Amino acid sequence: MAITKIEVERVSVISSKPFETILAALKAGVGRLDLVEFAKASKLASSFSELEKVISQDLGRTGLMLFMELDHGAVLRKETGLDRPKIVRFVIGNPLIMKEMAKHVPDAGSYAPVTILVDERADGVHLSYDRMASFLAPYGNLEALAVARGLDSKIETLLRESAA
């Protein structure tokens, strides 16, 4: 068994905006993916260009799409009966970006799509993201790192815009 140590860079933005406003802003910046329809269309695509069209139709203005939204806070709220904590995990990405990283570093598929965590704390709403480039840095592939940095830039812009 091989073990690789990876040092992760976490980006966090804190906002004074209401939690629900932040969630709405994040969702407005990304497209929506219907996983069932996507799977069907992907199988029916007879060429890569057809698959690109299928993917592109679900991308938002950021070039990203929402794969899944998980309300982690709901589990904690059920236990306590309180209306807090508010914690939501968004799984966001773009299969075409992942493809470009995985071409050079297959392990990139372990890290993409990425997670954005939004949680409400005493000092405000935190939007957090672990940089893709930090995950791929140990592999030493410059092509994959360039793509990862581009993805990081898209995500970090989305975080800043959603928090502003």
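At 18% relative accessibility, Tyr111 counts as buried, because the cut-off for buried is under 20%. This is a predicted model, so every stop below is a place in a prediction.

Stop 1: Tyr111 sits in the loop between helix H5 (95-104) and strand S5 (114-121), while Phe135 belongs to helix H6; they are 24 residues apart, and the pair links distant parts of the chain. Phe135 is buried as well, with a relative accessible area of 17%.

Stop 2: Follow the chain on from helix H6 (132-136) and select Asn141, in the loop between H6 and helix H7 (142-163). Is Asn141 buried or exposed? Its relative accessible area is 18%, so Asn141 is buried. Now display the backbone of Ala144: the side chain of Asn141 reaches the backbone nitrogen of that residue at 2.9 Å. Then show His104 and Val105, which Asn141 touches when residues up to four places away in sequence are not counted.

**Stop 3: H3 against H5.** Select residues 48-56, which make up helix H3, together with H5. Their axes come within 10 Å and cross at roughly 130°. That angle makes H3 oblique to H5. To see the contact itself, show side chains on both helices. From H3, the residues involved are Phe48, Glu52, Ile55 and Ser56; from H5, they are Pro95, Leu96 and Lys99. Coloured by class, the contact of H3 with H5 shows four nonpolar residues, one polar and two charged.

**Stop 4: Leu66 in strand S3.** Move to strand S3 (residues 65-71) and select Leu66. Leu66 is buried, with a relative accessible area of 7%.

Note on methods:
Residues are numbered from 1 along each chain as its sequence is written. This is a predicted model: local features need pLDDT of at least 70, side-chain atom pairs count only at pLDDT 80 or more; totals for chains, interfaces and linings use all residues. Side-chain values use heavy atoms; hydrogens and water are left out. Helices (H or I, at least four residues) and strands (E, at least two) are DSSP runs, numbered from the N terminus. Buried means under 20% relative accessible area, exposed over 50%, partly exposed in between (1.4 Å probe, protein chains only). A polar contact is a pair of N or O atoms within 3.5 Å; within protein, one must be able to donate a hydrogen and the other to accept it, and residues adjacent in sequence count only if both atoms are side-chain atoms. Contact means heavy atoms within 4.5 Å. Axes are lines fitted to C-alpha atoms, for helices over the stretch in contact, and angles run from 0 to 180 degrees between N-to-C directions. Angles under 35 degrees count as roughly parallel, over 145 as roughly antiparallel, 65 to 115 as roughly perpendicular and the rest as oblique. Ala, Val, Leu, Ile, Met, Phe, Trp, Tyr, Cys and Pro count as nonpolar, Asp, Glu, Lys and Arg as charged, and the others, Gly among them, as polar.
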